[in-house]
Amino acid sequence: KMKIKLTAENADVNKYCMEAQAEEIEGPDILDLFSTDELEQLMGVWEKALKVGGKIILGGTDIFLLSKNIINRKIELVDINNILYGSPKKSITSIESTKEFLISLGFEISNIEFDYDKCLYFVEAYKLWMLRFQTKKN
């Protein structure tokens with residue numbers, strides 16, 4: 001059973017995973033590390049790497065949850081700084097945008113979890129069919 005744990009360094013799974021070989025791809029905080037254009041291309045790579053019936057778990061900082069916690073003063077200033085500037089965050093996502101994107105790629109959402117203290121979300125989804133993802137050509 002091939003299970004891939006995504007990091008910034010190994011996100012391009014084409015380099016070490018053949019098409020439709022992975023049973024699970026997990027990236028609990030991967031969405032914050034790439035620009036929207038980079039994520040669009042990587043989502044296609046991840047989709048192709050998964051077997052039909054394979055599971056993907058993606059997550060990131062939910063900008064709306066973070067904003068709510070900032071306004072309600074439920075998060076310390078040092079934590080806000082770390083969330084916004086502590087790592088090379090390049091994209092702003094939300095639960096809704098991640099769900100919509102996964103569904104557009106042919107995934108079925110199976111579970112959503114939250115870490116309210118860290119303003120993180122995790123979307124778990126299963127690949128229902130093989131989709132030939134079209135990426136933008138530069």
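Contact here means heavy atoms within 4.5 Å. The legends below describe a predicted model.

View 1. Beyond its neighbours within four places in sequence, Ala 125 is in contact with Gly 54, Lys 55 and Ile 56, with Leu 102, and with Phe 107, Glu 108, Ile 109 and Ser 110. For Glu 108, which is 17 residues away along the chain, the C-alpha atom is separated from that of Ala 125 by 5.2 Å.

**View 2. Polar contact between the side chains of Thr 61 and Asp 32.** Thr 61 belongs to strand β3, which covers residues 50–61. The relative accessible area of Thr 61 is 10%; buried means under 20%, so this residue is buried. Its side chain makes the polar contact with the Asp 32 side chain at 2.8 Å.

**View 3. The aromatic pair of Phe 114 and Tyr 116.** The count of aromatic pairs comes to 1. The ring centres of Phe 114 and Tyr 116 are 5.2 Å apart and the planes stand at 20°; planes under 30 degrees apart count as stacked, so the pair is stacked. Phe 114 is partly exposed, at 37% relative accessibility.

**View 4. A nonpolar surface patch of Tyr 126, Leu 128 and Trp 129.** Together these three residues have about 280 Å² of accessible area. Leu 128 is found in the segment that follows β5 (120–127). With a relative accessible area of 40%, Leu 128 is partly exposed.

Note on methods: Residues are numbered from 1 along each chain as its sequence is written. This is a predicted model: local features need pLDDT of at least 70, side-chain atom pairs count only at pLDDT 80 or more; totals for chains, interfaces and linings use all residues. Side-chain values use heavy atoms; hydrogens and water are left out. Rings of Phe, Tyr and Trp (its six-membered ring) pair if their centres lie within 6.5 Å; planes under 30 degrees apart count as stacked, over 60 as edge-to-face and the rest as tilted. Buried means under 20% relative accessible area, exposed over 50%, partly exposed in between (1.4 Å probe, protein chains only). Patches are made of residues with over 30% relative accessible area and no salt bridge: like charges are joined within 9 Å, nonpolar side chains (Val, Leu, Ile, Met, Phe, Trp, Tyr) within 5 Å. Accessible areas come from the Shrake-Rupley method with a 1.4 Å probe; for residues, only the protein chains shown count as cover. A salt bridge is a side-chain nitrogen of Lys or Arg within 4 Å of a carboxyl oxygen of Asp or Glu. Helices (H or I, at least four residues) and strands (E, at least two) are DSSP runs, numbered from the N terminus. A polar contact is a pair of N or O atoms within 3.5 Å; within protein, one must be able to donate a hydrogen and the other to accept it, and residues adjacent in sequence count only if both atoms are side-chain atoms.
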